[in-house]
Amino acid sequence: MHVSSGRWQFGLFLALVTAVLWGILPIKLKEVLKVMDPITVTWFRLVVSGGLLLIYLGFTRQLPRFSPLGKRGKGLVLIAILGLTGNYVCYLIGLRLLTPGTTQLVIQIAPILLLLGSLFVFKESFSVGQALGLAVLIFGFGLFFNQRLAELFGSLGEYTTGVLIVVFAAFIWTFYGLAQKQLLTQWTSVQVMMVIYLGCGALLTPWAHPLEALDLSPLQGWLLLACCLNTLVAYGAFAEALAHWEASRVSATLAITPLVTFASVALAASLWPEFVRPEDLNGLAYVGALLVVSGSALTALAPSLLRSYRARKARIANV
């Protein structure tokens, strides 16, 4: 069993770096999507990230071996590739129809769906605290969409379509997450990501149009490069954070990602109004966003908090 280094301050810093990078990512992607299609943007992100990981693993002589995987392991690789490809592409299609903040908040259900999937696949437990966190998250979504409830449930317009596509992106990400969790018993996280990134890139190649990059403005070109590196750097910070801090606390910290997006959109809209539009939300919607973040954090922290409570109770009983 993995034991964290105990350098929780460094772990917290790295988790915050990850949250910031993931929080600003949809803003950059939104600008690039004005010129390029979602499949081509995804292809660039995956090929660049996977290529850099291939160079690193080749240089350090840590390239993964496929023979120990067997048929079942190779099937898991295929599921992970299909799941991540679908997630990335559907997320960007949804982002085209929604604002960055809304997209980032809706995708927040992905780790919750992974948790629910783990109940059935890995027979993991589900505590009362996690159930409470899930209830808070659902209530928060109700408040967040208070201005658009009639539209969401009354018609299949652009907004509703965007929300449904992002929900679907979160759903298929669950298959990727479950498959990756199993693959980590055979490969390191870096090896898993290299294979999946390059596999996704190969899968999308027939439908990608790399020459679209020539139509980007200099600013959009730099943003595309930033999007490609964002995935690699953010994931590296995330993996390193797990080495120094408990996974539940890292996950709880990453729950603030949508708030980073909302704050970044507000700042960018004030500085560059010609490129970024502000979020059109009322006060109740922002309260809902806070509840979604709180519910997600509580769901992640509940098992850890319960263990701490039981340990403290046992110490008191033994005194």
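Confidence in this predicted model is lowest in helix α11 (residues 247–254), at a mean of 75, and highest in helix α2 (residues 38–59), at 94. The score used here is pLDDT, the predictor's confidence in each residue on a scale from 0 to 100. Across the protein the mean pLDDT is 86, and 92% of the residues reach 70 or more. Where pLDDT is low, the predicted coordinates should not be read in detail. Residues are numbered from 1 along each chain as its sequence is written. Because the model is predicted, local features need pLDDT of at least 70 and side-chain atom pairs count only at pLDDT 80 or more, while totals for chains, interfaces and linings use all residues; side-chain values use heavy atoms, with hydrogens and water left out.

The architecture is simple to describe: the protein has 13 helices and zero strands, and reading along the sequence gives the pattern α-α-α-α-α-α-α-α-α-α-α-α-α. Helices (H or I, at least four residues) and strands (E, at least two) are DSSP runs, numbered from the N terminus.

Overall dimensions come next. Along the principal axes, the C-alpha atoms fill a box of roughly 70 × 55 × 35 Å. Of the contacts with a separation of 6 or more, 85% are between residues 24 or more positions apart, where contact means heavy atoms within 4.5 Å.

As for the surface, 47% of the 319 residues count as buried. Buried means under 20% relative accessible area, exposed means over 50%, and partly exposed is in between (1.4 Å probe, protein chains only). The accessible surface comes to about 16,100 Å², and carbon and sulfur atoms hold 70% of that area. The protein carries 21 positive and 12 negative charges, whose mean positions are 18 Å apart; Lys and Arg count as positive and Asp and Glu as negative, without His or the chain ends.

Leaving aside neighbours within four places in sequence, Leu53 is in contact with Val190, Met193, Met194, Tyr197 and Leu232. Leu53 and Leu254 are 201 residues apart in sequence, and their C-alpha atoms are 23 Å apart in space. Val47 is also found in helix α2, but is partly exposed, with a relative accessible area of 30%. Not counting residues up to four places away in sequence, Val47 touches Leu198 and Gly201. From Val47 to Glu31, 16 residues away in sequence, the C-alpha to C-alpha distance is 20 Å.

The loop between α2 and α3 (70–97) holds Arg61, which counts as exposed at 79% relative accessibility. Phi of Arg61 is near 55 degrees, a positive value in a residue other than glycine. Arg65 lies in the loop between α2 and α3 as well, and is exposed, with a relative accessible area of 55%. Arg65 and Trp187 are 122 residues apart along the chain, with their C-alpha atoms separated by 8.5 Å.

Key:
Accessible areas come from the Shrake-Rupley method with a 1.4 Å probe; for residues, only the protein chains shown count as cover. The place of a charge is taken as NZ of Lys, CZ of Arg, CG of Asp or CD of Glu.
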